[in-house]
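Thank you all for coming; I would like to take a few minutes to walk through one structure, and please keep the view open while I talk.

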Amino acid sequence: MNCRRMKRIALTLLLMGLTLQSLPLQACTACFGQSDSPMAEGMNWGILSLLVVVVFVLTGIASFFVFIAKRSSTDKAP
């Protein structure tokens, strides 16, 4: 075996060893139970802002279809 192939095998084994190494998991403060921490507060604001965006978009889509329905009912020829 040449030196280049040995280096590649050694690097592959090293990366596999680092990837498969088990490490203890650490939960964030929001998941761990500190609901008054700044991270939990930021997560709550993020959820609220995403909820506002979703409601705004769905309201726009619903109002567009109401507009189309009203317009189609008034444009009927006698």
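This is a predicted model: local features need pLDDT of at least 70, side-chain atom pairs count only at pLDDT 80 or more; totals for chains, interfaces and linings use all residues.

**Surface and helices**

The protein exposes about 7600 Å², and carbon and sulfur atoms supply 71% of that area, where areas come from the Shrake-Rupley method with a 1.4 Å probe and, for residues, only the protein chains shown count as cover. Residues are numbered from 1 along each chain as its sequence is written, and side-chain values use heavy atoms, with hydrogens and water left out.

The secondary structure comes to 3 helices and 0 strands, helices being DSSP runs of H or I with at least four residues, strands runs of E with at least two, numbered from the N terminus. Buried residues, meaning those under 20% relative accessible area, with exposed over 50% and partly exposed in between (1.4 Å probe, protein chains only), make up 3% of the 78 residues. In H1, residues 3-20, the count of buried residues is 0.

Turning to the aromatic side chains, the structure holds 1 aromatic pair. The ring centres of Phe64 and Phe65 lie 5.5 Å apart with planes at 65°, so the pair is edge-to-face; rings of Phe, Tyr and Trp (its six-membered ring) pair if their centres lie within 6.5 Å, with planes under 30 degrees apart counted as stacked, over 60 as edge-to-face and the rest as tilted. Phe64 is partly exposed at 46% relative accessibility, whereas Phe65 is exposed at 53%.

Conventions. The expected span of a helix is 1.5 Å times one less than its number of residues.
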